[in-house]
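Please find below a colleague's note in numbered points. The sequence and model are shown first.

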Amino acid sequence: MNLEHLFTIRRMSKNLMEDIFDLASSIEEKPDSFAEKCKGKILAALFFEPSTRTRLSFESAMLRLGGQILGFSSAKVSSSSKGESIADTFRMLNHYAHIAVIRHYIEGIGEIAKEFATIPMISGGTGTQEHPTQALLDLYTIRKELGKVDDITIGIMGDLLYGRTIPSLLFGLAKYDNVKVHLISPPALHIRKNVKLRLEENGLAFRVTENHKEVIDELDVLYVTRLQKERFPDPTDYERLKGAYQIRKSDLRKAKDSMIILHPLPRVSEIPFELDELKYAKYFDQAKNGVWVRMALILKYLGVD
Amino acid sequence: MNEDKNKLIVRKIENGTVIDRIPPGKALRILEVLGIDANYPYTVALAIRVLSKKMSLKDVVKIKGKELTENEVHKLSFIAPGASVNIIQNFEVQRKIQLEIPDHVEEFIKCLNPNCVSNSHEPITSSFDIISKKPLILRCIYCDRVMEDKYLSGKL
Ligand SMILES: [Zn+2]
């Protein structure tokens, strides 16, 4: 198999996604049997924007596979602040590592990888454009918890405009059959036009609402993201909306027994601590699943059996 | 009648470009895009809202001494789709181009997304797929953002 790069879920087939999930689930069952798979392989982790979760999750994944890691975090220490182009960075990387993870605030760099990278490159988050590996671990978690992704109803709530996870998750959901989506956000943070057009092209049905309480009884999954204070020009708007986009225990009374709550983390106040011990709360399992999924991705993209 | 009227305005030119069947009212915008103003040293003939042979209204522009670049043809195709460009040499039509909105364009317009890689210092040029011609919608092949009619009209 010759997989190129992963910058968008749009270009990933449902088959490949399911393959990755199957592999991730075998890894989860018996992680030790994969401990030597990437011996002698190097993963470069280049984070031009700060990250804790994604970077640590990828590094943990590579170390658990017996590989090694090199890299940096935050643009300050990279040579991009000296004006080096991304194309040149990629060309150089070809000689330093066997696979690379890149987070960058610049969007559209997947096309640069296509042209200049000879090693497989995986996006660890690209501007507000996409965060494909987060979406894969989200879908893996849904599959694991509900036994399927087809035929589900999911509510996606919070900052749908700037959250880079959102387009990836929606593009991933669009590969499955009969998925119904409720987009729950303030109008100013609704999904971008290009994402909407892609969903229409791919036939993913979605409805829009401002209030999660109106739809919570229909949901199999409630996917919550945080509102970011810095996105609001007027801080009083943020304060006002913060309360409306918070899940309260009482909101869950009408929820299905089997409903799960997911969150890409970090959370602020949108999911209060008191929800953590409820059966619905799956966001910490979700984060743990990230390691299995990223291990599977590294194996697939390196072409290791 | 109508033939005579046209002849009054547009005498044949020896070398240059004739743009015919322009959607009515777009002729001035075409001159603007081509950078032709009062300082242009040669003859320019302009007809706005004349009757075509098919009895509908059109604009016509004749520009002596002007040959369009590929880029200019691209731009004009967005402003005046359906118009025809005739390149004239020695009073003869050398080449006829039917202006049509292409399926893909490169370079001539910038992506509206300031964080798009096509706007940063990289060895690539801007590149767009035209995903709808009416209304006009361009999609950046890099960042996936779309640019719509109302944004584009000020840029083209
Ligand atoms: Zn762009």
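1. Over all chains, four aromatic pairs are counted, a pair being rings of Phe, Tyr and Trp (its six-membered ring) with centres within 6.5 Å; planes under 30 degrees apart are stacked, over 60 edge-to-face and the rest tilted. One of them joins F21(A) and Y140(A), whose ring centres are 6.0 Å apart with planes at 50°, so this pair is tilted.

2. This is a predicted model, in which local features need pLDDT of at least 70, side-chain atom pairs count only at pLDDT 80 or more, and totals for chains, interfaces and linings use all residues. Residues are numbered from 1 along each chain as its sequence is written, chains are lettered from A and ligands numbered from 1 in the order in which they are written, and side-chain values use heavy atoms, with hydrogens and water left out.

3. The zinc ion has as protein donors the SG atoms of C111(B), C116(B), C140(B) and C143(B), at 2.3 to 2.4 Å; donors are N, O and S atoms within 2.8 Å of the metal (3.2 Å for Na, K and Ca). The angles between the four donor atoms are 99 to 115°, so the arrangement is tetrahedral (four donors, all angles between 85 and 135 degrees). The donor spacing in sequence is C-x4-C-x23-C-x2-C.

4. C111(B) and C140(B) are both buried (buried is under 20% relative accessible area, exposed over 50%, partly exposed in between, with a 1.4 Å probe and protein chains only). F21(A), at 0% relative accessibility, is likewise buried, and Y140(A) is buried at 2%.

Terms used:
Four donors count as tetrahedral if all angles lie between 85 and 135 degrees; four count as square planar and six as octahedral if opposite donors are over 155 degrees apart and all others between 65 and 115; anything else is irregular.
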